[in-house]
Structure formats: structure tokens, C-alpha cells
Amino acid sequence: MHGYEFYVDPSRCIGCQSCVEACAECETHRGKSMINFDFIDRQRTTATAAYVCWHCEEPTCAMVCPADAIKKGDDGIVQSSLKPRCIGCSNCVLACPFGIPKIFPEYEQMMKCDMCYDRTSVGKKPMCATVCPSQALSYVRPEEIGKRREKPTNVFHFGNQKIVTRVHMMIPAETDAVSLDVLDYMWEESYAVFSQPQ
Amino acid sequence: MAKAPVSLESLLDRFGPHPAYTPPGGWQDESRSPAERLVKTHCCFCGQQCGIQLKVRGNQVIGFEPWEEFPFNHGMLCPKGVKRYMQGGHPDRLLDPLLRTPKGFRAATWDESLDFTVARLKEVQLKYGKDSVAIYGGASLISEKSYLLGKFARVALGTRHIDYNGRLCMVSAGTAYKLAFGVDRSPLPWADILKAQVVLVAGANVADCAPITTDYLWRCRDAGGKLIIVDPRMTPICRNADMYLPVRPGTDMALYMSLLNVILRDGLERRDFIAAHTTGFEQVAESVRAWDPRTAAEKTGVPPESIERAAHLFAKAERAIVLHARGVEHQSKGVENCLALINLCLATGNIGREGAGCAMITGQGNGQGGREHGQKCDQLPGQRSISDPKARAHTAKVWGISPEEIPPAGYSAVEIMEAIHCGEIKALLSCCFNPLVSLPDAKFTQEALEKLEFFGVVDFFMSETAHHADVVLAGSLQEEEEGIGCTNEGRVIHIQKAVDPPGNAKGDSWIYCELAKRLGKGKYFPYATTKDIYEELREASRGGHADYFGITYEKIDKNMGIFWPCPSLDHPGTPRLFEDGRSFHPDGKHHFLVTEWRESGDPVSVEFPVYLTTGRVVSQYLSGTQTRRIGALVDQYPNPRLEIHPRLAEQYQIKDGDWVTVTSRRNDMTLQAMVVKTIRPDTVFIPYHWAGERSANRLTHRTLDPRSKIPEFKVSACRLRKADGPPDGARASNRTGNLSEPRKGQA
Ligand code: SF4
Ligand code: SF4
Ligand code: SF4
């Protein structure tokens, strides 16, 4: 969709996995979800994150592909592997700095997020960004994202590798350390009080 | 005799819940032969009733498409909404009416099963009197059906006992709003959340139970709004909160009285608003005097400084909103907890203007609409009181009977089960309600069901409760009958019929009209379509508080919903209540009401030292009758888990993934621990969506709020013991979830 960009903001994510379920409803890969979803560390926090392919300007996945099966379109979208070419070698899976591509053995092919090519090419938003109830995944105009508290960036550093991506990540304008234990918000000083009857 | 006819194993084998993973036609189907129609309708799985488009081919719902134009959710959906389409073609779907035999259930014809039902109901009523039969309804039903159920109970059966599962959901809030404002509705549209400077979220796990509201909270925050979250658990929305107050279960009222204490102590109340628009302020001011922050901190576990700071944040905002849900309402002082929150809003002049006020977050699919038109034991259509002679006269006229023929108020849902248990009620007809899973104290419910002389069920899947039925009438899903619902905003929406009920299943409204006919009352139920029922509902609600007279299906479609009250066809509806400064009370004032502290009905003690609180997870809906059959949702959270803080877990040498036996004064259950720092260390949490051995309601108690009659699901006392392994019966009842392999992130 012209003028729209994809933004990912894990701080908004509530871990509902609507994106995971909705991605599997997409007609081009129905039944398979391309979303990478994670509970960061459930014992310590409810924080969760859902990622799509970042659609790198210079996609590592494509560069390491021996079969030249991964193509980037003029629109900047890096497609799933071309079925006739893909040899299922997993080079892309290992090389992608974000851990995005997946090999589906039943299709003998690498598939990944293609930003809902079937939808965006006909003026619809990607499925995940449409349904996401927290808009942790959103597909909106840049002026819309300008109203957010967090700021977008699309430059990532992995060691010496600098990666510029089509998809933007939202980062806090100013970050404070946030405690993730209920204890730190409670009044009672010692645990002994808790198990006593009132 | 209402014991299950055959073993649980064989019932589960035949009727499920079996988790379905593939949509009708298989996964590749939609790409090969696409949908014929897109039906604009709404999700059935919570009070937000998100707009959604169902893909339909032939007589089958085969998928969904977001409905981005619908103004409430703009295409957003939680995973339940995404997967809701998997129900229609589900292999567990009941396709015929079923009659119980000693060998299990057998398919029957409609004539046989309806005649049987009517004969048994008549027999019981002849022997024991009219009120020996009770009706259970459900708040997930479209409003036409809930209206029909109310009329069916009172006109066709002449019993006073009809109540519904919204009794487990919205009644504390509803009662409080009626007492304070004279009307039971959230007074503001959700768009107001975006305009608030402070939002206080009180006992509402928005991320899991009202996911779309998350986006409203985040957008409020983007615009500079501050969030204060009160909950014994750090739910996902706490991560972005400006203040998090970890209240001890059952002590919410003390916290809110203390906030008011600080506000009045520091002179932050709006005297001019209080003088012009309210009554009862002085008494409430007096009643909170004892609740200084230090005293409240001792009760609630929230630091005094946090109480001070939250009070100042809230009171100094030009526009503040309180959002509350079952956390405060599922208590034996649920009504008073809501009143304490309303008092805060009234004292600070936060009502009747944009971006200010209080709102309840509705739980069930049609939680708001389902309680407005007569399936509540004490209400007639239009939110009228059944004991008000004028209301009775109006309703009787619409129904074509005399006012004396309308029975008086009956028992509420839990009281009905208690009356069954003690033998006062002998027969039950239940629609869209699974009390064995959703009522507190499941053992008691089971005993009661086994005592019934006749038990009839109308449902589309065989619920665990229906195992006890003499007859199961195969009814309809939400998308199989046209009608209306009302969302948590008070927005009346149009539920489109997408398909016919499959096989020999029938629309619920047809079933009730047929029963009425066979009871000799057919002339009062002359409806050919649900629209005919709606036309009568409009008339019946006319002049009541929930006035739908000016709302038609067409008008809803044109405006993407109409907010009630809407008294005439040219009336635009009322998105925000009280804008003229007047409440719905005859005196036009908002009423401050005194709240009085008392302990929970199941207090912690030396023997039961830990608080137990129960609730929902995002992937499951209520008793799970529907969502435990959808594979993708089952996999997200296959089994109940015990959330426990590492401090408490350490005391019992419980490690993550260990089996733990939780014992309350009623019963026990054994489940796996999930050791997390996101819950108070004096409290454990169990979600309640499962049946049998996995049912959290084995542990809960039947103490009710004296006015709303809501059970105290949020506060029980329990003790913990590390167990050797899974419970004996785990295999049978766990067949739909994988016991040994929790999904990533849950352990
Ligand atoms: S994120 Fe990974 S899969 Fe996506 S374009 Fe970049 S390298 Fe390729
Ligand atoms: S749909 Fe949105 S909120 Fe839910 S898991 Fe995905 S990114 Fe997170
Ligand atoms: S369950 Fe509620 S939030 Fe989820 S899609 Fe349905 S109506 Fe929307």
C-alpha cells in the first residue's frame, strides 16, 4: 500500500498471538504462520514479542542463498524462496541476523513473511498488523506513527554489520529501568507477613 | 435422574471437546475456491463484540476477513475472533436433538424430543407447582433470544425462576450503576479513553479479557495520558503503566476509600460539581475518614506513598476515567467496590463529559444487551424492574396478558442451583450456560444436577453440564440467527445471519417458540423470524431506561451501531450519558453511596493461608465449551496452570512445572505450577476455563454479594502441597490438552 510503512513495537505487545493465528489464515500459506513469537522470560515478566521479516535493504538471506531463490522486489519486499529454485539448504535460516526464515519440510522450501504480498499489492494491510489488538504490529502512514511516544528506527547493528531495513522498530524516546517483580511495588517488607492470616 | 448416563470417557469420545485444527474444506481450500460472500457481523467471544467479516461459501463459514471500517476495533481482533469461524463445521457440532437412554444419548426427531420436553415440564409443574421449574439463559445469546427466554419463562411456563450466566459477570457493576446513576450502562463511548489524562484500571486484565481495549489505553498514553493499574497480578498492560498498585485480593474497597480520603484531606474534590449534581456526599466523606493511607496500606498491601500519589494523579487531572471489571466485581462486596470507584469519579467531577467518567468492561459476548431485556430474575424488558407496577403493566400490555399473570422476581443463578440442591426446584431448562464449569463450588453443582427430576438443555455443543441432561435440543451458533447485541460501550449492533444451522439443528428461537406452542401458549409467540421478535422488543423496551424503540436493523447498519437510549426513529442515539448533568434517577442527581468494609466470605486462616484468585486467559472463552474445541486456541494454553511467585513457591519447594495440589475448604485440584514474579507472593492464580479435574471452580465458594448475587470468584483461601504427579483422572479429562509438553513460555 503506497505511503504505508510497517512498525514493530514489542513494548505494546500483550502476547495474545492473534498475529500468529491470523498469519496462518493468509491465502498464500494458509495453515502456516510466519510470525516469530516469543515469551521473553515468562518467569520474570509478561513481556512478549512478535516479529515479522524486517525486509532488509541488503538481505543477508538472499546473499547467502546458493540457488538464488530469494528475491527482493522493487517495492523493497523480500519474498519467500522461489519454490522451483529453493533447495531447502537452510543457509538463509542460519544467516538471517533476525532468525526469521523457516524451512517447511513438507513443502521442501523456505518460507517467511512476505508482508502479505497478496494483500498489500491490492491495497489491503498485512493480516497481522490489521488484527493486532495492541498495534504492536502496525501498518500505518509515517505521520500516524509520529503521534506515538516511541520513535521509529530502521538501522540495526550486529557487530560490524550495519543493517537497514524496510520495517521499522519502535524504541523508547527515553528509557528508565523498569522493575518486573511485584515485590518491588508492595508495602510489606518481609515475606513472613504474607503467609500469616490477617 | 440426571446422572450422566454412561461413563465420562465414552461421552468425551463421542461429543468432545475434540480440538479441531483444520477449517472446513482443509487449509488449501480457500485459495482454490474462494468465499462467495463476506458477511459483516460481530465476534461472539467477548463484550467488545468486535466487527468482523465472515467468509461464507454455500452454507458454511470458511474463514474471516478483518472489517476495518467498523469504528470500535478497525479490523483488530484477538485470537478468539480470528479462530471463531472454526465452530460451524466442527465435528463435535450437535446435528440432531438427543434423548438420553440408559445406554447413552440417541438422536431423535424434533417432534419426539419437543413433546417429551413439554410433557416432562408439565408433569413437574403439575406435581410441584409452577415455580418448581427454572430457566437458565446465557449472556452470549443475541438480545432477541434473551428477550424470548424471559417471556417464555413468565408467559409460557409461568415460573418466576429465570436467570442467566451474566449473573457471574456484570451484575455487580450493573447494580452499582443503577444505585448511583439510575441506569445500568457504561456512561461513555470508548473513544473517550483517548481523551483522558489519567485512566485508572481497576481489577481489569485488559490484555487477556478485553484485548482491543489495549489499543485504546496505548493511544491514550501516546497522547500523554497516565495509566494507573490496580491488580494482584502484573498483567501484560502493567508493563507500560505509570503506576502499578498490587492490591491484595478482596481489599480493593479499602484502597478506593483511601484514595478518596486523600482527595478530601487535600481539598482536591470539585465542590461546585458535588453541590450541583450529587446527593449523599457528606455521608461518604464521613465514611472514608477512617481510611488514611497507612490504614489502607495495612489492609491492601499497597504502599501509603503510592496511595497518595495515585490520589493526586487522579484528582488533579482535568479528565480522568476509571475502567473496572471482574477483579473488583467478583467479590462478596462487588457492588460496593464499584460504588467506591463511582464515588471517586463523582467527587472529582468526572462524569458526563468527554474523556471523563467510569466504565465497566463487559465480559460476555452480549453481556450488555443480554441483561437488558428480561432474562434477569428481577427485570423486565428495557431494564425495567419487575416489582414496579407501571413496568409490569407496560410489559403485560405488550405481551397481551394481564399484569397479575407476570410472576414476581425469582432466584438468581447461584440461588437457583441451591434451590435445586435442596429440592425446591425440580426441573431446569438451560440454554447456552455451562454451570458445571462456571458456577462456584463445582462439587455442589454436580450434586444438584444429579437431583433434578428433569433437565433439558438447548446448545450447539455437548457441554459438560449437558452430560446430565434428559434431552439436548441441538440449537444455533451466534451466526445462525439474525439479531442485535449491545457492546460494552452501549452501542447496539447488528448480528447478521451468515448460515443456517447445520444438519437437523435449529435456531434457538424456533425451539423456544415450538416449546411454547406445545405448552398451549403459541398465540403469545407468533414470530416467523427473529426480526419479528425484535419489533416486539423495541415496543417492550419503549419508555424504559434501555429504550431501543428508535433503533432498527437498518439504522444500525447505516450508522455502524446506535447507542441506547434511542427513544424515537429520528433520535441519533446517546453515546455519552449524563451530558445534561442529570442522572436517570427521578431527582436527576448522581448518588454518592456509603461503602462499608467487610472481609471476604472465605477468609485466609492458619489452615488455608494463601489467597486464590481465578480468571481468564486470552485464548479461551468462559467455560470453554466453544474454545476448547478450537485446536489453535487450545494449543496456546492447553491446561490450567497455577501462577505462583518464586517466594511462595520456595516455601513449599515448588519448582516451575511441578505438580501442586491446591486445597480449599470445598475440594482440591492438582495442576502444574508456573513460577512467575508477576503475582503477589501471598496469592495464587488459576484460570477457570476447564471441566472436571481441571476446573478451578472445584475450589471456589458460594458466598454472594448480598445485592448483586455475584459469587466471590476473585477471593478464596487455599493451601498448597507439592504433589507427586498428575491426578489420577488426568488422562480422561486431559485428552484435549497435552499434559507433558507445555507450550513454550507457559512453564
Ligand atoms: S530479516 Fe532476515 S529473512 Fe528478512 S530480509 Fe532480512 S535477512 Fe532476509
Ligand atoms: S497480535 Fe499484537 S499484541 Fe498480540 S502477540 Fe501479536 S504483536 Fe503481540
Ligand atoms: S473475543 Fe472480544 S476482543 Fe477478541 S475478537 Fe472477539 S470481540 Fe474482539
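**Close-up views of a predicted two-chain model**

View 1. Among the elements covering the buried residues of α6(B) are β7 (162–164), β12 (320–324), α14 (326–329), α15 (334–347), β13 (357–360) and β22 (590–591) of chain B; contact means heavy atoms within 4.5 Å. The model is predicted, with local features needing pLDDT of at least 70, side-chain atom pairs counting only at pLDDT 80 or more and totals for chains, interfaces and linings using all residues, while side-chain values use heavy atoms, without hydrogens and water. Residues are numbered from 1 along each chain as its sequence is written, and chains are lettered from A and ligands numbered from 1 in the order written. Helices (DSSP H or I, at least four residues) and strands (E, at least two) are numbered from the N terminus. Helix α6 of chain B runs over residues 171–181, and nine of its 11 residues are buried (under 20% relative accessible area; exposed is over 50%, partly exposed in between; 1.4 Å probe, protein chains only). The buried positions are B:V171, B:S172, B:A173, B:G174, B:T175, B:A176, B:Y177, B:A180 and B:F181. Just after α6(B), B:G182 has a positive phi of about 80°.

**View 2. Shell of ligand 1.** Ligand 1 is surrounded by 13 residues, counted when a heavy atom lies within 4 Å. The closest of these are A:C53, A:C56, A:C61, A:C96 and A:K112. The shell around ligand 1 divides into 10 nonpolar residues, two polar and one charged. Here Ala, Val, Leu, Ile, Met, Phe, Trp, Tyr, Cys and Pro count as nonpolar, Asp, Glu, Lys and Arg as charged, and the others, Gly among them, as polar.

**View 3. Shell of ligand 2.** There are 14 residues around ligand 2, and A:C13, A:C16, A:Q17, A:C19 and A:C132 come nearest. By class, the shell of ligand 2 holds 10 nonpolar residues and four polar, with no charged residue.

**View 4. Chain A.** Chain A contains seven helices and eight strands. Its C-alpha trace spans about 70 × 40 × 40 Å along the principal axes. Chain A has 198 residues, of which 54% count as buried. Of the contacts in chain A between residues at least 6 apart in sequence, 57% join residues at least 24 apart.

**View 5. Contact between chain B and chain A.** The contact involves 77 residues of chain B and 54 residues of chain A. Together, chain B and chain A bury about 5600 Å², with 52% of this on carbon and sulfur atoms (accessible area, 1.4 Å probe, lost on putting the two parts together, summed over both). Within the area that chain B buries against chain A, B:D222, B:R239 and B:K677 supply 13%, more than any other three residues.

Across this interface of chain B and chain A there are eight salt bridges (a side-chain nitrogen of Lys or Arg within 4 Å of a carboxyl oxygen of Asp or Glu). On the side of chain B that touches chain A, at least two residues each come from α2 (29–32), β3 (60–66), α3 (79–83), α8 (213–222), α12 (293–300), α23 (631–636), α24 (646–651) and β26 (668–675) of chain B. Helix α8(B) gives the largest share of that side, six residues. The residues of the side of chain B that touches chain A comprise 36 nonpolar, 17 polar and 24 charged.

**View 6. Salt bridge between B:D222 and A:R12.** The two side chains form a salt bridge between B:D222 and A:R12, at 3.0 Å from N to O. Over all chains the count of salt bridges is 62. This pair crosses between chains, with B:D222 in helix α8 of chain B and A:R12 in the loop between β1 (5–8) and α1 (18–23) of chain A. B:D222 counts as buried at 14% relative accessibility, and A:R12 is also buried, with a relative accessible area of 2%.

**View 7. Salt bridge between B:R702 and B:D441.** The closest N and O atoms of B:R702 and B:D441 are 3.1 Å apart in a salt bridge. B:R702 lies in the loop between β27 (683–687) and β28 (716–722) of chain B, and B:D441 in the loop between α18 (435–438) and α19 (442–451) of chain B, so the pair ties together parts 261 residues apart in sequence. B:R702 is partly exposed, with a relative accessible area of 27%, whereas B:D441 counts as buried at 8%.

View 8. B:D682 and B:R680 form a salt bridge whose closest N and O atoms are 2.9 Å apart. B:D682 counts as buried at 2% relative accessibility, and B:R680 is buried with a relative accessible area of 0%. Elsewhere, salt bridges with shared partners join B:D111, B:D115, B:E514, B:K517 and B:R518 into one network.
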